Amino acid sequence: MNEVAIRLVETPPNAWIDSWLNSLTDKTAKAYAVDIGQFFEFVGHEDVTAISRSDCHDFKGFLMERYSKPATVNRKLCTMRCLLLEAVRYGIISSSPAEGIRGAERQDHYSSTKAPSEEEVRAMLAGIEQD
């Protein structure tokens, strides 16, 4: 066996993921590792060459049902997209099946309470000045 063949046999199939995670900050790497584990558990395998666009869409649907905060859904989708883009960069797959999959729509969390009018503010200030 030549050296390249030996290296391929000895290298775990997803060693590139560990290499990629090790290039990130500790906090980011830990969060990505959890999200990647959740994604692999959802699709039922760790073979990125077998991940389909349908898997990515279904994962988004799963996240949207499970998590109420769009920011959480979007972070996990971002991790999935980054994972698959890294797989492209490492030459594992030719294109990302997650390309074009958008994040969850963010909800505006504005209060329905109206701000006081200018007249109301003047009245409040006048009340303070009289005391």
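Of the 131 residues of the chain, 28% count as buried, where buried means under 20% relative accessible area, exposed means over 50%, and partly exposed lies in between, with a 1.4 Å probe and protein chains only. This is a predicted model, in which local features need pLDDT of at least 70 and side-chain atom pairs count only at pLDDT 80 or more, while totals for chains, interfaces and linings use all residues. Residues are numbered from 1 along each chain as its sequence is written, and side-chain values use heavy atoms, with hydrogens and water left out.

**Overall fold**
- The chain has 6 helices and 0 strands, which are DSSP runs numbered from the N terminus (helices are H or I of at least four residues, strands are E of at least two).
- Among contacts between residues at least 6 apart in sequence, 58% join residues at least 24 apart, a contact being heavy atoms within 4.5 Å.
- The chain exposes about 9500 Å², of which carbon and sulfur atoms supply 52%, with accessible areas taken from the Shrake-Rupley method with a 1.4 Å probe, and for residues only the protein chains shown count as cover.

**The nonpolar core**
- The largest nonpolar core has 25 residues, and those with the most contacts inside it are I36, F39, F40, C56, M80, L83 and L84; such a core is a set of buried Ala, Val, Leu, Ile, Met, Phe, Trp, Tyr and Cys residues joined through side-chain atoms within 4.5 Å.
- Helices α2 (15–22), α3 (26–43), α4 (53–66) and α5 (70–89) each supply at least two residues of this core.
- Leaving aside residues up to four places away in sequence, M80 touches F39, C56, F59 and A98.

**Helix α3 and what follows**
- Helix α3 has 18 residues and reaches 26 Å from its first C-alpha to its last, close to the 26 Å expected at 1.5 Å a residue, the expected span being 1.5 Å times one less than the number of residues.
- The buried residues of α3 are A29, Y32, D35, I36, Q38, F39, F40 and V43, and they pack against α2, α4 and α5.
- Just after α3, G44 takes a positive phi of about 90°.
- In the loop between α3 and α4 lies S52, which counts as partly exposed at 28% relative accessibility; the C-alpha atoms of S52 and P97, 45 residues apart along the chain, are separated by 5.7 Å.

**Salt bridges**
- The structure holds 4 salt bridges, each defined as a side-chain nitrogen of Lys or Arg within 4 Å of a carboxyl oxygen of Asp or Glu.
- The side chains of D35 and K76 meet in one of them at 2.9 Å, N to O; D35 lies in helix α3 and K76 in helix α5, so the pair ties together parts that are 41 residues apart in sequence.
- D35 is buried, with a relative accessible area of 1%, K76 counts as buried at 6%, and D35, R75 and K76 are linked in a network of salt bridges.
- E86 and R89 also form a salt bridge (3.0 Å, N to O); E86 is buried at 14% relative accessible area, whereas R89 is exposed at 58%.
- In helix α6, E118 and R122 lie 4 residues apart, about one turn of the helix, and their side chains meet in a salt bridge (2.5 Å, N to O).
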